[in-house]
Structure formats: structure tokens, C-alpha cells
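Subject: Structure handover

Hello,

Here is the structure for you to look over. My notes follow below it.

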Amino acid sequence: MSDERINIPYKGTPEQESQLAELLDDYKGTKSPLIPVLEQAQEIFGYLPEKVLKTISEELRISLAKIYGVVTFYSFFSLYPKGKYNISVCLGTACYVKGSGQVYEKLQEVLGIAGGQCTADGKFSLEACRCVGACGLAPVMTVNGEVHGRLTANMVEDILAQYE
Amino acid sequence: MITVDQLKKIKEKNQDIVNFRKEGADKGKGKYRSHVLVCAGTGCTSSGSQKIADKLEQEIKAAGLENEVCVIRTGCHGLCALGPVMIIYPEAAFYSNMELEHVPEIVSEHLVKGNVVTKYLYQETVTENGIISMNQTNFYKPQHRVALRNCGVINPENIDEYIGTGGYEALAKVLTTMSREDVVKCLIDSGLRGRGGGGFPTGKKWQFAMGGAPGVQKYVCCNADEGDPGAFMDRSVLEGDPHVVFEAMAIAGYVIGANQGYIYVRAEYPIAVDRLNIALKQARDYGLLGKGIFGTDFDFDIDLRLGAGAFVCGEETALMTSIEGNRGEPKPRPPFPAVKGLFGQPTILNNVETWANIPQIILQGANWFASMGTEKSRGTKVFALGGKINNVGLVEIPMGTTLREVVENIGGGIPGGKKFKAAQTGGPSGGCISAENYDVPIDYDNLIAIGSMMGSGGLIVMDEDDCMVDIAKFFLEFTVDESCGKCTPCRIGTKRLLELLNKITDGKAEMEDLDRMVELCNLIKENSLCALGQTAPNPVLSTYKYFKDEYIAHVKDKKCPAGKCKNLFSYQIDPDKCIGCGLCAKNCPVEAISGEKKQPYTIDASKCVKCGVCISKCKKEAVYKA
């Protein structure tokens, strides 16, 4: 991971913070709350800012070190904000043998970023994923959950142009 | 809380509705004269089936038919390649590749006038003597649906329809008429083995967890963390028939004496998670989960836990560690989970497909189940067919079916008339089955004997254009990424193995490296802590066993026979075929191609990035790999 991404200013709104407080109230005292709390906190904030992790640590009385360990273990969690449009290219086997590797390469080339990164204007972020389950449409990618299927590398630029 | 009698009444009320969705059903029964079943599984949803269902409802209402025709959003029908698909009963008309524009015509012609619109049907169902049901097609005919029996038939968001198919009857039978020992005996006699890949006898597993002091807290878990890339069997069951999993888990709870279950499901399966939540609420409202089920003293409830994207969590001890809220790292066994599992208590864990078989075994008996399949692998297996195959989708076949049958007949062969090269089963833990084993009956033991494994059921077909070294590398990249890092043989061994494979595909390896590769594979296999590491070398070993000449070609001749490994070939233009149209040069993204109009063009290898655009654009097949 590149270091320049670590100091991202925290931009949480009061509404998001009160949602977090509510969430923590719901889970306090329940059995093994950490992962469900992180999942929902990420839904609220879009990613897991350090400040949010500290709040979770204090409220659930789980050490920040342990929380960091859990967050970095699972690929679902992100310590960094994603772009306005998050592109996820399926690199599952069915898509791979049908050429999703070339699509992924082309996206990196066109966007000028590597997988796991976000463009400087915050518009697009790119990641690889394993099987979204649309193997009949292989190779596929999703943009904010919207599925684009039967792709070729040549289609990439036209698809990106659909997103403002 | 409903009683056994009330369950019967709900079944009687609903069985006509679900039975209507069969070929040759009694048309006189039920509230609606036509049922439109639209696939709302992930595959078809991705190609727009929800919009088609919405449009159907609008058009049906506009035609004033809303009290005569119902639209049901079902789970996966299986033939994902033709999505979105839908079936209209009573005609059993199988519409495929649906588009929004087809909807008005289908409503006005088929639903209003009763004329099936044959041009939009799956063409194999259209014959000279009228239409045939999908069950008569090559894709469906050899299949036998046990785990998937309700997928694509019932509305997964309506518990009454599940009950209409005989749902929760097995639980009632177990709670009111069977002892714990009877249930275990029935499972052992049936020969059911774990469908998640390991193939351990399910009844035995339950038996191990039955003992212990009375009153000990125990747990029942469902592994729905389907992580094999390209496998979607379990997701389809959860999306299409969620209650079957609850029912089976409750049966297990009764047998081992647990009152709490957990379903560990991938967060990447939003539709499945939604349907599970809806189904959970319905089951609790009916008292089929909760306290005193069917008026007995048996309590059982289920909670969902979402997986957060770690392949290793499909391993049972890692899954339990993850439910506990930790990094999903596996633990050494013994102690086995049946003795010390979730939260340190006795636990049984089965995967979704295993659970989906159990209620039917209880209802139809061990002998019925044991009559299907081969001697040591009873019953059926669901496979997710993908890759270079025409009928991409979900199939459930009796154990013992040959790969040839699956690929050539059910799968409809390979697109573009290409030659079958290999099929990959078992995902990153499995191996490749080559053409020489095309006729081996597929079951647990045969697959292991030929160097692969059943796995959870992903079956990816590869053709002559696929490089087997590249495929092995693809799986190794996956394992390196997903190794949890706890034990050294897996963490470092797989990384070193990947480096060796990279050396091979870069054309920098020597023959000794192949020996080193095999030695390293065996070390990783023997010394890793959990199944992830122990099986990680399988893709390498099996491709090396059956496609050794391909490895040698990479190392000795520095050539990739399939033309996949970029560092081992270059693009060239055949001057005899090139007509100098300039199409390739126009499309080349890096301006590596130059030449004059009507003269043969040339490619500058130092600029070429080997994207392959030139080859796809050339109309004269003048561009080739060398």
C-alpha cells in the first residue's frame, strides 16, 4: 500500500456519527459483535476511517490492535475511501478463462491506477473480485454494483464514458 | 407457533399452487390460470430479469389479467447462459434470452390469447410436433434435482410455497416420531457425504457431536462461504430455497442437542442474504424456529453471520474463529469441532448443499437416496458449469456421470467448435481433468485418484487456447493472496512456488526448476496446517502430471503452445496474406504497427504490448502468434 493514502482527512458527518452510536448501542453486550459492527460501520461511512475504528475500540472495549488485525485480514474491509464509482472486475476462474485479465489490465491502463487504488479526482476506484455469480455473462465487471457482462478490453472506454 | 396439524393444512392449501408448476399439471386447480416464473437468481438478475418481471406485471395489469395470471420471482433455473429466462405454466413454455421488448407481445399473444410465442422460446424446446418442456432438453434431461428441487419452482420469499412442497414435514417427522439415533442411522445408511469438498460422511459427523454431558451448549453451523472462484451452487440454493437449510439445521440441532445455529454467508451475496433474512422472519413468525417447535420441548434459532471476504474461512476451524469475531485463521485438529468448536463448544458444520439434501432423505428414506449415484458416493452433486462451454449454468447430476456427458451433452459442447482440453474441478484446491479421463465416472474417490477433487462443485471447462501453466499460475496467485499467513509452509511456500511458475512463463526457467517445483509442492502439501495449504499445490501437480509437455515447452523451447504467456511469443504479420488495409495499425493502442497502404504492414516487437487487438481486427487472418 502506498503511504500517501494514509493521511486522508476524516469527513464523517454528524448524521453518520449518530448512526454509528446507534449501531454500537445495538451491539454492546452481544456475543462477538466486532465483524458485524465493522461491516455496518463501513456501510455508513463508505470505508473505515481511523477515527471510527477508535470509537469502536472504546465502545466495544476491544483493542485497536486487534481491530486493525481483523480489518486488514478481510478483503471486504477498506481503510481508504473508494471512488464515486467503484469498479470491480471479476477474476473468478470462469471469467478469467474468458479474458477478464485483459479487461482488468485495460482498466488499469485507461484509468492510470493499479488495482486497489482510486483516481486522483476521486471518480473511479478499481479492484478485483472473485466471482459475482454472473458466470453466464463472463467476463463481467460491476460499477457500483451494476453488472456489465460479455466484456472485451475494447469495450472498457465506452463503459467508463457512461459514468459522469 | 403452528402445530403439525396446522402445517398439514398449510400444505394442503398450497400444494396445488406449487404442483401447477409441473408438466401436465391439473389445470383446473389453484387460483391463477397461468403462472409466470421469472428467474431472479444472481445470473439472470445481472442480465435484467427484475426489470422484465416488473414490466410483465405492468402489462398483465394493463390487460386486466392480474387476478388470472401471477408473476413469481424464483431462484435459479440453471441455464444461466440463456438468461434472463422464464417459464409459463401450464404450457411449460421456456422463454430464454428475454428482452424488455418481448414482454408486450408475450402478454398479448400468450397470456391473453393463449398462443405461445415460439420465436422467443429456447429453440431446443420447439419441435415439429409442438413445444416440449425444458425437462426434455439435453441440458435438463440427464439431471436429477434433489438439492435444487425447489429452485426455480417456488417463490423463495413465501414460506407457504415451501410448505406446499412438503417443507418442514421432515422436521415434524423427526421431532414427533424419530429418536436422535434413528435420524443418525438414516443419514449413515443413506451414504450422504459432505458436499463442501471433503466428502466426510454426514451421519458420522453428527454422531461424534451427540455425546457429552447433558446440558452442554452446542452449535450447528452452515458453511455458506462459497469462496471457490467460479462456483455458485450454494448461492443458488440460498437464493432459491432458503427454508430447506433452516429445516435441516433444526433437525441437526435436535439430534446433537443444540439450540442455536449460525449461517456463515458471504457478504458478496446480497440477494441470498436478503432472502435468508426474509425467510428467517417468516420461519420465526410460524414458530418453526424459536421456542417449543411443534409444541415439543425443542428450541432452536438461527443467526446470520456475514463473511467478510477471506477464502480461508471456508475451512471449518477458520470459519468458527471468524464467527467469534477474529481474524479467520484455522486451528490444528484435533480437537475436532464435534468436540471443541465454536466458542469452544461441540459444533457441527455442514455446507449448504449437504443441508439441502437432508429433509428429502428423512422423508423419502435412506434407501431412496442410496439408490442414486455410485457405491461410495451416493446421491447427486450440483456443479456450476463455466468457462469455455455453451450451456454455462447450474446442473445437478447423479454421482457417477462422466465428464464427457457433462461437457458434450448437458453442457452443449465447447463454443466455436474448439477442442476440449481440460476441466478444472475443486477450485484452487483441485486439479485439472484431462481428455484421457473424459469417461471416468465423476465421484469423490475417482476424482482424487486422478489428481483432482470434487470440491464444492465448480467445473470450469478449458479449450485448446488455454495454457495449463497459466491456469496453474492463476490458482497459485489466488492461494498466495488468500493464505492467512499463520503457518510458514503455506505462507512462504506458495509464494516461492508462484515465483517458480512466473520464471517458467517468463521463459527464464531451467529443467532443474521443474524438479524443484515438484519438491516444493510436496513440502507444502505435507506440512501445511489446514486444507488451504495442503491442497494449494494440486493445480500445479495435476497440470504437470497431464500436461508435462507444455511445461517442458515453456522451459526448453521457451514457447507457450497455447499462445497465452506473453513473454513467450510475438505477434507477426504474414506478408503473403496482408493486403495492407491498415486496420490493425489504426487500432493498435501503442502505434507498434506501421506500413504503407496496400503493402504488407509490420509489427515493431519492441513497442508491442501484446494486447491482441490486431489479431481480432484483421479480416484476412494475416496476424499470427509465433
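A residue counts as buried if 20 or more other C-beta atoms lie within 10 Å of its own, as exposed if 12 or fewer do, and as partly exposed in between, with C-beta atoms placed from the backbone. Helices (H or I, at least four residues) and strands (E, at least two) are DSSP runs, numbered from the N terminus.

This is a predicted model: local features need pLDDT of at least 70, side-chain atom pairs count only at pLDDT 80 or more, and totals for chains, interfaces and linings use all residues. Residues are numbered from 1 along each chain as its sequence is written, and chains are lettered from A and ligands numbered from 1 in written order.

**A strand in chain B**

Take strand β2 of chain B, residues 69–74. It is mostly covered, with 6 of its 6 residues buried. B:Val69, B:Val71 and B:Arg73 point one way. B:Cys70, B:Ile72 and B:Thr74 point the other way. In a regular strand, side chains alternate between the two faces of the sheet.

β2(B) pairs with strand β1 (residues 34–39) of chain B (pairing needs at least two DSSP bridges). The sense is parallel, over 6 bridges. B:Val71 is the bridge partner of B:Val36.

**Domains of chain B**

An automatic or database assignment sets the domain bounds. They are domain 1 (16–134), domain 2 (166–369), domain 3 (380–463), domain 4 (468–555) and domain 5 (570–625).

The C-alpha centres of domains 3 and 4 of chain B lie 22 Å apart. Contact means that the C-beta atoms of two residues, placed from the backbone, lie within 7 Å. By that rule, 11 residues of domain 3 of chain B touch 16 of domain 4 of chain B. On the domain 3 side, β13 (420–425) and β14 (431–434) of chain B each supply at least two residues. β14(B) gives the most, with 3 residues.

**Chain A and its interface**

Chain A has 7 helices and 4 strands. Their order along the sequence is α-α-α-α-β-α-α-β-β-β-α. The C-alpha trace spans about 50 × 30 × 25 Å along its principal axes. Of the 164 residues of chain A, 36% count as buried.

Between the chains, 39 residues of chain B are in contact with 31 residues of chain A. On the chain B side, α2 (42–46), α12 (316–323), β11 (380–387) and β15 (458–463) each supply at least two residues.

Regards
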